[in-house]
Amino acid sequence: MKLKVAIIGCGKAAERHLKIYQALRDEVEVVAVSDLDPQKAKAFAEALSAKPYTDFQEMLKMEPIDVVDLSVPSGLHKKVGEVVLKKFRKNLLVEKPLALTLKDAETLVNLAEKFRLKLVTIFQNRANLPIIKVKELLEKGLFGKIVLLSVKFYWSRRQNYYDSASWRGTWAYDGGALAQQGCHFADMMTYLLGEVESCFAKMGTYLVNIEAEDLLVGTIKFKNGALGTIEATTCARPKDIKAEVVLLGEKGSAIIGGFAMNKLDYLAIEGIEDAKSLIEGFTENPANPLGYSHFAYLKAALEYFKNGNRVPFLAIGEDALTSLELIIGLYESAERGREIYFPFKPKLCKLGKGV
Ligand SMILES: NC(=O)c1ccc[n+]([C@@H]2O[C@H](COP(=O)([O-])OP(=O)(O)OC[C@H]3O[C@@H](n4cnc5c(N)ncnc54)[C@H](O)[C@@H]3O)[C@@H](O)[C@H]2O)c1
């Protein structure tokens, strides 16, 4: 039996999903799609031989569905996701970030638990081939004690990107470089090294006219003792430069670069002459018209929805909370001008406020 999926939100992110569903048409049937914009719903419906709706509740009432793919603006994930889980009791595949406040994200996690529904947040970079292997080596202890995890992305988003939809760059529905693009990198930090003890950040809006930041620089102390840094920016000009993870441990180091943490640039481990050979075949994501790892991630998520088989990289339920707390901590620090010690009560962080 094919898994029956319905899409809510037929925008840019969902365009990638659409191609993946087309490629997986033997395993998945997209039965219906919805968007407030009837033209978008119609175009998706035609491409997927699905039924178009403008009212997602009407769609969920009418259609037999196993999984809802939620790709609406981030600030709406909680409002729509809550209806999907609570009123219609459907499994939920949600684009990152799960929500914009911890309270909202916890509401979704708790509802899924309460109704025994599956909830997966899409953090596709976890499925990048070099990330999978470096994480494996890390868990085997081959790097020894980790001292530094540094992530940075220098990407380019100009005013026309922010002007392409009214929610982009707003505190209520999106956030800036850290919450929007950088949630992949915050997630990578906590995915690799776990919980955070404290953080400190500075941010600013430099090259575009938006509410939120286009540059944030932060330092982090992890509970395991390691230090971390994050440079999150969409200010690279004239174009995207790179996105990189640097891991330094007492016995070895790794640098994963490329445009999206998808290419192994450096790997050395004490006592192993050719450490790179440990991850032969996993050093670079092959060029993929479906987006680097979205395909692998969605395929794994769909398998989990269908048979309950989970691969380690899936962000299931509360797995999405740790990095959200880090994002909120960094914003809170930038607003307060001081270091934030976890757990904390956000007071000045504007992310997700006023929806
Ligand atoms: N994983 C990734 O790398 C990645 C990349 C891009 C975007 N995203 C995430 O995907 C989400 C959507 O981003 P986007 O760039 O596709 O935005 P978008 O503006 O292109 O698309 C959002 C769509 O949702 C529709 N929508 C809004 N409210 C709705 C409702 N109640 N019912 C039905 N449709 C509704 C809008 O009309 C719009 O077409 C965001 O959370 C974003 O963070 C993830």
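Helices, of at least four residues, and strands, of at least two, are DSSP runs numbered from the N terminus. The model is predicted. The chain is assigned domain 1 (3-124) and domain 2 (126-284 + 317-341). A ligand is surrounded by 25 residues.

**Two domains**

- The C-alpha centres of domain 1 and domain 2 are 26 Å apart.
- Contact between them involves 18 residues of domain 1 and 18 residues of domain 2.
- On the domain 1 side, helix H5 (102-114) and strand S6 (119-122) each supply at least two residues.
- H5 gives the most to that side, with 6 residues.
- By class, the domain 1 side that touches domain 2 holds 11 nonpolar, 4 polar and 3 charged residues.

**Around the ligand**

- The closest residues to the ligand are Gly9, Gly11, Lys12, Ala13 and Glu95.
- Helix H1 (residues 12-23) provides the largest share of the shell, 3 residues.
- The shell divides into 12 nonpolar, 7 polar and 6 charged residues.

**The eight-stranded sheet**

- An open sheet is formed by 8 strands, in the order S13-S12-S11-S7-S10-S9-S8-S15.
- Pairing in this sheet is mixed.
- Strands of a sheet pair through backbone hydrogen bonds, either parallel or antiparallel.
- Strand S13 (263-269) and strand S15 (340-341) are the edge strands, and each pairs on one side only.
- Strand S12 (residues 252-257) and S13 run antiparallel and are joined by 6 bridges.
- Within this part of the sheet, Ile255 stands opposite Tyr266 in S13.

**Helices across the sheet**

- Helix H6 (residues 129-139) lies across strand S11 (242-249), S12 and S13.
- H6 runs at about 165 degrees to S12.
- Helix H10 (residues 321-336) lies across strand S8 (196-204), strand S9 (215-222) and S15.
- H10 runs at about 55 degrees to S8.

**Helix H8**

- Helix H8 (residues 183-193) is mostly covered, with 11 of its 11 residues buried.
- Among the buried residues of H8 are Cys183, Phe185, Met188, Met189 and Leu192.
- His184, Asp187 and Thr190 are also buried in H8.

Definitions and conventions
Residues numbered from 1 in each chain as written. Predicted model: local features only at pLDDT ≥ 70, side-chain atom pairs only at ≥ 80, totals over all residues. Buried ≥ 20, exposed ≤ 12 C-beta atoms within 10 Å, placed from the backbone. Near = placed C-beta within 6 Å. Nonpolar A, V, L, I, M, F, W, Y, C, P; charged D, E, K, R; others polar. Domains from an automatic or database assignment. Contact = placed C-beta atoms within 7 Å. Pairing = 2+ DSSP bridges. Axes fitted to C-alpha atoms, helices over the stretch in contact; angles between N-to-C directions.
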